[in-house]
Amino acid sequence: MSLGTQVRLARLFSHPSGNLFGGAVDHFVGYGDVRKGGLADLPGALARVMVGKPDYVSIQPGTARHLWPQYAGKACLVIQAGCFTPDDRICELIATPEDAVRAGADALAVAIPVRGATEGKYIRWLTDSVNAAARYGMPVVAHIYPRDFTDGAKIVFTPDEIAYAARIGYESGVDVIKIGYTGDFESFRETVRTCPVPVVIAGGPKTDTLLGALQQTADAIRAGARGAVVGRNLWGHGDPEKAAIAFRGVIHDGLSAQDALARAGA
């Protein structure tokens with residue numbers, strides 16, 4: 001691992017806890033209706049996330065160009081390169097490590113789905129990005145989402161599929177792996193234990209309550225995860241600042257979900 005990669009990774013995990021609290025505002029084409037929901041106002045969504053003082057934020061390169069200058073230095077910037085829909089209607093790689101360097105980013109994120117007939121193409125995205133990033137000392141954070149095609153195309157979080165996603169990530173040579181939490185403590189702990197690179201969890205589908213989201217994050221941290229990157233359960237919450245205080249309590253201070261919620265007054 002090059003010095004540049006080590007330095008940038010240290011920035012991502014710079015909190016004394018050794019864990020990472022990230023905000024994700026990089027959903028792009030995954031949300032087809034841009035007039036509804038928490039991302040209807042993208043500048044507002046990013047502002048709500050930044051109020052929560054995350055350690056890093058992942059956004060698309062165009063979003064970074066237009067919106068990030070006012071936040072520079074307030075959190076690590078991670079450029080999202082992957083652009084896909086689960087049914088492969090859209091599947092494009094929209095940024096390179098060089099683009100991330102030009103943006104002043106601390107890492108390149110590459111979101112990919114796995115399983116299905118096009119899996120090989122996405123794995124090639126990831127391995128090509130890792131090889132190109134090495135030339136710049138740019139860490140690669142893989143966001144890996146297993147799919148099921150039994151009834152259409154949907155993202156799944158079963159223990160076997162999440163273990164498979166983690167394996168794809170580290171065998172592709174990435175520096176950090178973001179995967180969904182399985183909901184099963186023992187299986188997730190085993191997946192993390194056998195993974196030689198840091199694992200953080202995806203915020204996942206929006207939960208019915210903030211307590212539910214905090215509980216799955218707390219369980220994942222106990223299982224060995226090094227943090228969480230939260231989207232819908234942050235900018236989609238009625239009070240993102242309180243939600244962020246609660247997530248930080250779980251991720252950085254080791255609080256239980258209930259205690260973190262009480263601290264936040266949410």
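Leu210, Leu211, Leu214 and Gln215 of helix H8 meet Ala257, Gln258 and Leu261 of helix H11, where a contact means heavy atoms within 4.5 Å. Sorted by class, this contact between H8 and H11 has 5 nonpolar, 2 polar and no charged residues; here Ala, Val, Leu, Ile, Met, Phe, Trp, Tyr, Cys and Pro count as nonpolar, Asp, Glu, Lys and Arg as charged, and the others, Gly among them, as polar. Helices (H or I, at least four residues) and strands (E, at least two) are DSSP runs, numbered from the N terminus.

Before we go on, a word about the model. It is predicted, so local features need pLDDT of at least 70 and side-chain atom pairs count only at pLDDT 80 or more, while totals for chains, interfaces and linings use all residues. Residues are numbered from 1 along each chain as its sequence is written, and side-chain values use heavy atoms, with hydrogens and water left out.

Now back to the helices. Two packed helices are described by the angle between their axes and the distance between the axes. The axes are lines fitted to C-alpha atoms, for helices over the stretch in contact, and angles run from 0 to 180 degrees between N-to-C directions. For H8 (residues 210–222) and H11 (residues 257–264), the axes come within 8 Å and cross at roughly 130°. That angle makes H8 oblique to H11; angles under 35 degrees count as roughly parallel, over 145 as roughly antiparallel, 65 to 115 as roughly perpendicular and the rest as oblique. The crossing of H8 with H11 is right-handed, a term for the near helix being turned clockwise from the far one by less than a right angle, with anticlockwise giving left-handed.

H8 has another partner to look at, helix H10. These two pack at an angle of about 20°, with their axes 9 Å apart, and therefore H8 is roughly parallel to H10. On the H8 side, Leu210, Ala213, Leu214, Thr217 and Ala218 take part, and they meet Ala243, Ala246, Phe247, Val250 and Ile251 of H10. By class, this contact has 9 nonpolar, 1 polar and no charged residues.

What about the interior? A nonpolar core is a set of buried Ala, Val, Leu, Ile, Met, Phe, Trp, Tyr and Cys residues joined through side-chain atoms within 4.5 Å. Buried means under 20% relative accessible area, exposed over 50%, and partly exposed in between (1.4 Å probe, protein chains only). The largest nonpolar core has 74 residues, and Val25, Trp68, Ile112 and Phe188 have the most contacts inside it. Helix H10 (residues 240–253) gives the most to this core, with 6 residues. Leaving aside neighbours within four places in sequence, the contacts of Trp68 include Leu46, Met50, Ile59 and Leu77. Apart from this core lies another, of 14 residues, among them Leu9, Phe13, Ala107 and Val141.

Finally, let us visit some loops. Glycine 52 lies between helix H2 (42–51) and strand S2 (56–59), and it counts as buried because its relative accessibility is 0%. Not counting residues up to four places away in sequence, glycine 52 touches Phe21, Ala244 and Arg248. Glycine 52 and arginine 248 are 196 residues apart in sequence, yet 8.8 Å apart in space, C-alpha to C-alpha.

Lysine 53 is in the loop between H2 and S2, and is exposed, with a relative accessible area of 61%. Its phi is near 55°, a positive value in a residue other than glycine.
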